[in-house]
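Please read the sequence and the structure shown below side by side. The paragraphs that follow go through a few places in the chain, one after another.

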Amino acid sequence: MSNFQQIVPIANKIIKKYDLCDYCLGRLFSKQLHLSSNKLLGKKLKKNSNPVEKCYICKNLFDNLGHFLKLMLDTSSNYTFKTFSVGAMIKPSIVDRDDFIRSQYKLKGIDSIKTDITKELGKLYSRKTKRKTDHIDPDATFTVNLKEELCQLRSKSITVSGRYVKSKRGYPQKQQSCDNCSGKGCRICDFHGITEFDSIEGVISKLIFKKFGGTTAKFTWMGGEDKSSLVLGSGRPFFVKIQNPLKRKTKLSDTVIDSIKLYNLKLVLESPKKSLKFSSTIRIKISTESPIDSKSLKKLKDLTTTPVIVYEKSGKRSEKKVFEIKYKKNSKNTFTLMIKAEGGLPIKRFVIGDNITPNVSQILETLCMCEEFDFLDIEVQ
Ligand SMILES: [Zn+2]
Ligand SMILES: [Zn+2]
């Protein structure tokens with residue numbers, strides 16, 4: 001702990017040799033004096049000396065912060081947010097001179113010039129916009145490049161959850177990525193990572209981009225379906241994380257777009273880290289190679305007694321429970337199967353018998369093909 005009188009001789013020694021601006025001189029001592037304004041301290045310490053033409057350390061960068069404030073204001077003009085933080089890139093030569101003075105005079109525990117610049121920029125921006133600085137979890141982060149006079153802003157991602165109902169066949173669930181960037185986001189796709197909007201993913205993305213702005217939208221689905229499948233009942237739940245949104249809040253209501261209905265749209269904290277447990281009720285239209293009789297169909301009921309084991313090419317093995325089974329014979333070679341099963345059971349493979357056991361073909365002792373499957377309901381457990 002020092003007092004003002006103790007540091008005056010050191011300060012005098014420094015300013016005799018080096019021209020320093022108020023900010024840079026004040027910064028060297030403000031911490032040990034527990035003062036918050038470097039500028040005022042610097043001014044006080046230089047009371048009797050001549051005004052400085054060019055600061056040895058910063059080359060008068062602190063006098064030009066207004067210019068960078070304007071850059072920050074311009075960059076953030078389309079964004080709505082409450083809290084922010086500032087990062088800065090400055091010329092290495094400035095940092096070197098700052099380090100040099102500190103080591104020459106053995107000054108320890110003081111803010112670096114970079115810290116001080118970001119603090120000052122934060123103060124200026126906050127004063128102008130009434131937004132608050134938050135270093136731990138800001139809504140938006142500025143990166144001010146003082147060397148090249150550029151400013152970038154990234155806003156923290158937001159996540160929306162909802163459910164979709166698909167009442168007409170023909171929409172794929174997922175959208176193909178932009179050819180040019182494989183989904184990362186580039187100029188061609190307007191940084192969205194997709195260029196078309198003709199899928200469930202595309203339709204939801206389009207709405208989300210309209211409401212919140214942003215670059216890419218990353219989806220977490222609770223299960224999947226075919227292009228030709230319907231999704232009925234209360235719909236399939238999904239989460240979508242939007243990177244760099246312009247808005248962080250907006251009114252969300254149920255929406256119908258063509259034959260896709262979006263329900264329960266709301267902002268949530270994040271997408272689930274672990275996959276959530278859910279069950280699906282599925283109606284499957286099946287055709288068989290040999291004619292089937294009701295007696296063999298009855299054997300399908302056994303599926304509820306033991307779990308279905310699914311083997312993946314990767315070697316992964318998982319078990320899916322079947323809770324309910326109903327069936328209806330439609331003709332000699334076709335029937336409809338209704339099952340309620342643990343989410344994620346690959347339906348087509350389950351019918352034909354592709355690395356899944358037990359399976360429908362195996363039980364009926366004839367090759368079965370899935371002609372169509374629709375989701376009647378999806379329940380989160
Ligand atoms: Zn300076
Ligand atoms: Zn692209």
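Which residues does S271 touch, not counting residues up to four places away in sequence? They are T159, T220, F239 and K241, where touching, or contact, means heavy atoms within 4.5 Å. This is a predicted model, in which local features need pLDDT of at least 70 and side-chain atom pairs count only at pLDDT 80 or more, while totals for chains, interfaces and linings use all residues. Residues are numbered from 1 along each chain as its sequence is written, chains are lettered from A and ligands numbered from 1 in the order in which they are written, and side-chain values use heavy atoms, with hydrogens and water left out.

S271 itself lies in the loop between β9 (260–268) and β10 (278–288). Helices (H or I, at least four residues) and strands (E, at least two) are DSSP runs, numbered from the N terminus. With a relative accessible area of 16%, S271 is buried; the cut-offs are under 20% relative accessible area for buried, over 50% for exposed, and partly exposed in between (1.4 Å probe, protein chains only). S271 is 101 residues from E372 in sequence, and the two C-alpha atoms are 30 Å apart in space.

G235 can be taken next. This glycine sits in strand β7 (residues 231–242) and counts as buried, at 0% relative accessibility. Between G235 and V165 there are 70 residues in sequence, yet their C-alpha atoms are 4.4 Å apart. V165 is also one of the contacts of G235 once neighbours within four places in sequence are left aside; the others are R163, Y164, D377 and I378.

Helix α1 covers residues 4–17, which makes 14 residues. From first C-alpha to last, α1 reaches 20 Å, close to the 20 Å expected at 1.5 Å a residue; the expected span is 1.5 Å times one less than the number of residues. At the start of α1, the backbone nitrogen of Q5 has a side-chain oxygen of N3 within 3.1 Å. Four residues of the helix, I7, A11, I14 and I15, are buried. The cover over the buried residues of α1 includes α2 (22–30) and α3 (38–45).

How do α1 and α3 lie relative to each other, parallel or perpendicular? Their axes come within 10 Å and cross at roughly 75°, which makes α1 roughly perpendicular to α3. Axes here are lines fitted to C-alpha atoms, for helices over the stretch in contact, and angles run from 0 to 180 degrees between N-to-C directions. Angles under 35 degrees count as roughly parallel, over 145 as roughly antiparallel, 65 to 115 as roughly perpendicular and the rest as oblique. On the α1 side, the contact is made by F4, I7, V8, A11, N12 and I15, and on the α3 side by L41, K44 and L45. These residues divide into 7 nonpolar, 1 polar and 1 charged. In that count, Ala, Val, Leu, Ile, Met, Phe, Trp, Tyr, Cys and Pro are nonpolar, Asp, Glu, Lys and Arg are charged, and the others, Gly among them, are polar.

Q175 belongs to the loop between β5 (158–166) and α7 (200–212) and is buried at 10% relative accessibility. Its side chain makes a polar contact of 2.8 Å with the side chain of D198 and another, of 2.5 Å, with the side chain of S199. A polar contact is a pair of N or O atoms within 3.5 Å; within protein, one must be able to donate a hydrogen and the other to accept it, and residues adjacent in sequence count only if both atoms are side-chain atoms. Beyond four places in sequence, Q175 also touches residues including I194, E196, F197, E201 and G202.

Some backbone details remain. K59, in the loop between α3 and α4 (65–75), is not a glycine but has a positive phi of about 55°; K59 is partly exposed, at 40% relative accessible area. E365 likewise has a positive phi of about 55° without being a glycine. E365 is in the loop between α10 and β16 (368–380) and is exposed, at 67%. T366 is found in that loop between α10 and β16 but is buried, at 8% relative accessibility. The peptide bond from T357 to P358 is cis, with omega near -10°, and P358 lies in the loop between β15 (356–357) and α10 (360–364).
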